[in-house]
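Thanks for coming. I have one structure to go through today, and I will keep to what can be computed from the atoms.

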Amino acid sequence: MIGSGAVPLTERLRRRRKELKLTLKDVAEKSGLSFSFISQIERGQTMPSLTSLVALSRALDSSINLFLDQPAGDSAETRHNKRVPYAIGPNSATYERLSTKFPGSVLSSALITEPPGRRTEPMRHEGEEFIFMVEGALTVEVEGTVYVLEQGDSLHFASTRTHTTWNHTDRIAVMLHTCTMEYFGDEAQATA
């Protein structure tokens with residue numbers, strides 16, 4: 001089985017796709033992401049966001065933990081000086097896990113730091129999302145409606161609507177992101 005670690009994410013995704021005998025088109029249809037975007041990921045030309053990596057993991061009948069090591073949500077509290085930041089790849093957003101899991105919980109929450117100029121791919125998935133800008137500014141487009149969020153602003157929307165974010169500034173942007181999509185791989189750990 002393919003594991004995380006020394007093998008680059010792009011190669012792990014490609015190996016899993018081929019192991020399942022799926023084409024890029026198959027994965028695009030199952031994940032809701034574009035064929036060209038998935039091809040760019042496999043060629044190392046771009047890195048997916050955390051939610052897109054979850055969609056890819058599901059399309060590849062795998063836990064996100066197969067592709068990304070994330071901190072466990074073992075405690076109901078997190079301390080600012082003890083959270084471990086992690087990233088999917090170089091020049092991608094960094095994440096700090098804020099939420100935990102317990103029977104009946106449905107929220108996943110992270111502090112996300114977006115580098116200047118970073119734009120996420122258009123996506124849609126189950127659930128709902130809430131964004132609160134902690135620092136900097138971010139452009140969020142939800143099905144053609146553009147919102148420019150600055151420090152202290154928030155946005156709440158159905159994740160089933162196509163959406164993308166873009167740090168349109170030359171400074172980092174930090175947001176509190178909470179959604180009902182499970183993106184930490186806790187479900188797989190609970191059933192293991």
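I will start with the conventions, then take the overall fold, the core and a few local positions.

This is a predicted model, so local features need pLDDT of at least 70 and side-chain atom pairs count only at pLDDT 80 or more, while totals for chains, interfaces and linings use all residues. Residues are numbered from 1 along each chain as its sequence is written, and side-chain values use heavy atoms, with hydrogens and water left out.

First, the overall fold. The protein has five helices and nine strands; these are DSSP runs, H or I of at least four residues for helices and E of at least two for strands, numbered from the N terminus. Read from the N terminus, the order is α-α-α-α-β-β-β-β-β-β-β-β-β-α. The radius of gyration is 16 Å, close to the 16 Å from the globule rule for 192 residues, so the protein is as compact as a globular protein of that length. That radius is taken over C-alpha atoms, and the rule is 2.2 Å times the number of residues to the power 0.38. Along the principal axes, the C-alpha atoms fill a box of roughly 45 × 35 × 30 Å.

Of the 192 residues, 47% are buried, where buried means under 20% relative accessible area, exposed over 50%, and partly exposed in between, with a 1.4 Å probe and protein chains only. Among contacts with a separation of 6 or more, 64% are between residues 24 or more positions apart; contact means heavy atoms within 4.5 Å.

Now the core. In soluble globular proteins, nonpolar side chains tend to be buried together. Here the largest nonpolar core has 42 residues, and Leu13, Leu50, Leu53 and Val140 have the most contacts inside it. Such a core is a set of buried Ala, Val, Leu, Ile, Met, Phe, Trp, Tyr and Cys residues joined through side-chain atoms within 4.5 Å. Helix α4, residues 50-59, gives the largest share of this core, six residues. As for Val140, its contacts beyond four places in sequence include Ile131, Tyr147, Leu155 and Phe157.

Ser52 also lies in helix α4. Is Ser52 buried or exposed? Ser52 counts as buried, because its relative accessibility is 1%. Beyond four places in sequence, Ser52 is in contact with Leu33, Phe37, Glu121 and Met123. Phe37 is in turn one of the buried residues of helix α3, residues 35-42. The buried residues of α3 pack against α1, α2 and α4. Just after α3, Gly44 has a positive phi of about 75°.

Next, the loop between α4 and β1, where Ile64 is found. Ile64 counts as buried, at 6% relative accessibility. Outside four places in sequence, Ile64 touches residues including Leu50, Leu53, Tyr183 and Phe184. Asp61 is in the loop between α4 and β1 as well, but Asp61 is exposed, with a relative accessible area of 54%.

Last, backbone angles. Most residues other than glycine have a negative phi. Asp61 has a positive phi, near 50°. Glu143 has a positive phi too, near 45°. Where is Glu143 placed? Glu143 sits in the loop between β5 and β6, and is partly exposed, with a relative accessible area of 44%.

That is the list; questions are welcome.
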